[in-house]
Amino acid sequence: MNDSSHVGHLINRQVSLWESKQRVEVEGAAAVLHTLAHLPEGPWITISTQLGAGGPELAEGLAAQLGWQVFDKEILGEIAKHTNSREKVLSRLDDHAVGAFEDYVANLLVPGNLGRSAYALELMRVLWAIARQGQAIMLGRGANWLLDPRYGLRLRAIAPVETRAAWLTRTQKISTADAIRRVEEDNVDRAKFMRQVYKQDIDNPLGYDLVVNLGTIALEPAVDLVVAALASKLTVAE
């Protein structure tokens, strides 16, 4: 299956889920989420992650427990770039949502770089539409800075440089020195993207509800922690 076919299949699956409003049967804190159907949008989870910190693995663990779909940065980028996929997602926005989005981003994009701004605008529209429908885990692309924090959980996944470099060394078969250089370069690239698109500091803790150090907390308890935090936050927000 090529990339475009994969993205199309993913979107069709998620649209079907939105239309049927299905929920998986879960236990414990996650069960609280079943009482939140009345929310005007969401629920959702955003994950901002450092390279090699375990963010994608955390996203997949959450998806397995909640029955939600993961939208990583590659998938989000493909949806934003391709008209058919983008329109299928955006068609679910009502007039109020469209108006609210336009008001929000009116002064957000950095002037003077129309190419980047045009892409960023489409990316934001996609994030906005996915979040409105809910049952989604959005990995990367600064969704935490865009969405209304009342209807989801904004998560930051981090780990020590040594842990991240070790992951790169193991998975990419590169030297420790090269891995550390990759980690440092990626830190700069991600911070630059957030400044250019959202005018935000990626390391500002106020942009997140929860910061999880996956270098010291194992994946399974981290998943349970995030689900409990999501359920607690949205229940309090009712």
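1. Strand E3 (residues 136-139) is covered on both faces. Ala-136 and Met-138 are buried on one side, Ile-137 and Leu-139 on the other. Buried means under 20% relative accessible area, exposed over 50%, and partly exposed in between (1.4 Å probe, protein chains only). Strands (E, at least two residues) and helices (H or I, at least four) are DSSP runs, numbered from the N terminus.

2. A note on the basis. This is a predicted model: local features need pLDDT of at least 70, side-chain atom pairs count only at pLDDT 80 or more, and totals for chains, interfaces and linings use all residues. Residues are numbered from 1 along each chain as its sequence is written, and side-chain values use heavy atoms, with hydrogens and water left out.

3. Overall, the protein has 10 helices and 5 strands. Of its 238 residues, 46% count as buried. Among contacts (heavy atoms within 4.5 Å) with a separation of 6 or more, 79% come from residues 24 or more positions apart.

4. Next, the strand pairing, which requires that DSSP finds at least two bridges between two strands. E1 and E3 are parallel, over 4 bridges. Ile-45 stands opposite Ile-137 in E3. Strand E2 (residues 69-71) also runs parallel to E3, joined by 3 bridges. Here Phe-71 faces Met-138 as its opposite residue in E3.

5. E4 (residues 152-158) and E5 make a parallel pair with 4 bridges. Ala-157 has Val-212 of E5 as its bridge partner. E5 has Leu-210 and Val-212 on its covered face, with Val-211 and Asn-213 on the uncovered one.

6. The largest nonpolar core has 51 residues. Such a core is a set of buried Ala, Val, Leu, Ile, Met, Phe, Trp, Tyr and Cys residues joined through side-chain atoms within 4.5 Å. Ile-45, Ile-47, Leu-62, Ile-137, Met-138 and Tyr-198 have the most contacts inside it. Helix H6 (residues 114-133) supplies the largest share, 8 residues. A second, separate core has 5 residues, including Leu-51 and Ala-165.

7. Ser-48 deserves a look. Ser-48 lies in strand E1 (residues 44-49) and counts as buried, at 7% relative accessibility. Its side chain makes a polar contact with the side chain of Arg-156 at 2.7 Å. That term covers a pair of N or O atoms within 3.5 Å; within protein, one must be able to donate a hydrogen and the other to accept it, and residues adjacent in sequence count only if both atoms are side-chain atoms.

8. The whole structure holds 1 aromatic pair. Trp-145 and Tyr-208 have ring centres 5.9 Å apart and planes at 65°, so the pair is edge-to-face. The criteria are centres within 6.5 Å, with planes under 30 degrees apart stacked, over 60 edge-to-face and the rest tilted. Trp-145 is in helix H7 (residues 143-146) and Tyr-208 in the loop between helix H9 (176-198) and strand E5 (210-213), so the pair ties together parts 63 residues apart in sequence. Trp-145 is buried, at 11% relative accessible area. Tyr-208 is buried too, at 7%.

9. Asp-201 sits in the loop between H9 and E5. Asp-201 is partly exposed, with a relative accessible area of 45%. Its side chain reaches the backbone nitrogen of Asp-203 at 3.0 Å. Asp-201 and Trp-145 are 56 residues apart in sequence and 9.9 Å apart in space, C-alpha to C-alpha.

Conventions. Rings of Phe, Tyr and Trp (its six-membered ring) pair if their centres lie within 6.5 Å; planes under 30 degrees apart count as stacked, over 60 as edge-to-face and the rest as tilted.
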